[in-house]
Amino acid sequence: MSIHPNAYYNYRKNRKDGYRQKLASRLEKVGRKFHDLDGTRGYRQVCDQLKKDGLIMSYPTCHKYLNKLLGLKSIQRKRKPVYEHGDYHQTVENILNQNFKSERKNEKWCMDFTYVALKDGTFRYNCTIIDLFDRSVIASENSRQINTELAIRTVLKGIESQDEIDTSRLMIHTDQGCQFTSSTFQFFCNDRKIRQSMSRAGYPYDNAPMERYFNTLKTELLNVHEYSKEKDLYKAINDFAYIWYNQNRTHTYNNHKTPYEVRFAA
């Protein structure tokens, strides 16, 4: 029968019972954590959250448990279309120039808008600011209109949320949307000595951290749940930003620490 003697005696003596019981327990915990996270997080996020609960394992082991043994795979983001780059034109210099690292808090902020939908098909708009120091959400504001007023309100909220901030050392990077190129927004920034930086036209990679955050927001929240009421949608977006993303979701940029773990350790 081509059976190895060691396998035969293990079977006779039930030597694998302890291992099987331990494996079953670990699989149950991994599967429960995956579903607790709405099935939207990959094996790295599941593994990081399990470590917080005291269950330590490597990423390859967690990947094997989820994909091979449990047959669970997270919801994947849709592939983005290929962008056609427009002519190079911008009213403000691209100071950031894809240098997405920052040594100090409140030195480099990225900012952008995205649309969010209600169940009835109508749209609302979110404006968010990310600090490149730790990838934390500094401010998140929602509105029925996508305009300069929403942009200014978001920046003011971000400034007010920081205990000590020298706006003369702050740079805000955006795309070339009319909300950011308007004289009203530029006067607002100049009045507070905030430097502006803008991506090249039709080149979203120049503001990649914001694109990544909005992809995460939609993949892990908005594509999973539907909201009939505006106030419920706004609350869910802000809870995601300030509670889940900042305080609980680990980030590879932060060596698998949460933004707040890095921010308050600095």
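Analyst: Helices (H or I, at least four residues) and strands (E, at least two) are DSSP runs, numbered from the N terminus. The model is predicted, so to speak of a local feature requires pLDDT of at least 70, and side-chain atom pairs count only at pLDDT 80 or more, whereas totals for chains, interfaces and linings use all residues. Residues are numbered from 1 along each chain as its sequence is written, and side-chain values use heavy atoms, with hydrogens and water left out.

User: Where does Met1 lie relative to helix H1?

Analyst: Met1 is placed in the segment before helix H1, which covers 5-13. Met1 is exposed, at a relative accessible area of 91%, where exposed means over 50%, buried under 20% and partly exposed in between (1.4 Å probe, protein chains only).

User: Which residues form a nonpolar patch on the surface with Met1?

Analyst: A patch takes residues with over 30% relative accessible area and no salt bridge, joining like charges within 9 Å and nonpolar side chains (Val, Leu, Ile, Met, Phe, Trp, Tyr) within 5 Å. Here Met1, Ile3, Tyr8 and Tyr9 make up such a nonpolar surface patch, and together they have about 510 Å² of accessible area, computed by the Shrake-Rupley method with a 1.4 Å probe and, for residues, only the protein chains shown as cover.

User: How many salt bridges does the structure hold?

Analyst: Side chains of opposite charge can pair when their charged atoms come close. A salt bridge is counted when a side-chain nitrogen of Lys or Arg is within 4 Å of a carboxyl oxygen of Asp or Glu, and the structure holds 14 of them. In one of these, the side chains of Arg32 and Glu28 meet at 2.2 Å, N to O; both residues lie in helix H2 (residues 17-36), 4 residues apart, or about one turn of the helix. Arg32 is partly exposed at 40% relative accessible area, and Glu28 is partly exposed at 42%.

User: What does Asp53 form with Lys33?

Analyst: Asp53 and Lys33 form a salt bridge whose closest N and O atoms are 2.8 Å apart. This pair links distant parts of the chain, with Asp53 in the loop between helix H3 (43-52) and helix H4 (59-69) and Lys33 in helix H2, 20 residues apart. Asp53 counts as exposed at 54% relative accessibility, whereas Lys33 counts as buried at 15%.

User: Is Ile237 of helix H9 buried or exposed?

Analyst: Ile237, found in helix H9, is buried, with a relative accessible area of 0%. Ile237 and Ser140 are 97 residues apart in sequence, yet their C-alpha atoms are 8.2 Å apart in space. Helix H9 (residues 230-248) also holds Asp239 and Lys235, which are 4 residues apart and therefore separated by about one helical turn; these two form a salt bridge with closest N and O atoms 2.6 Å apart.

User: At what angle do H2 and H3 pack?

Analyst: Axes are lines fitted to C-alpha atoms, for helices over the stretch in contact, and angles run from 0 to 180 degrees between N-to-C directions. Angles under 35 degrees count as roughly parallel, over 145 as roughly antiparallel, 65 to 115 as roughly perpendicular and the rest as oblique. H2 and H3 pack at about 110°, with their axes 10 Å apart, and are therefore roughly perpendicular to each other.

User: How do the axes of helix H5 and helix H7 cross?

Analyst: The axes of helix H5 (residues 148-161) and helix H7 (residues 183-191) come within 9 Å and cross at roughly 20°, so H5 and H7 are roughly parallel to each other.
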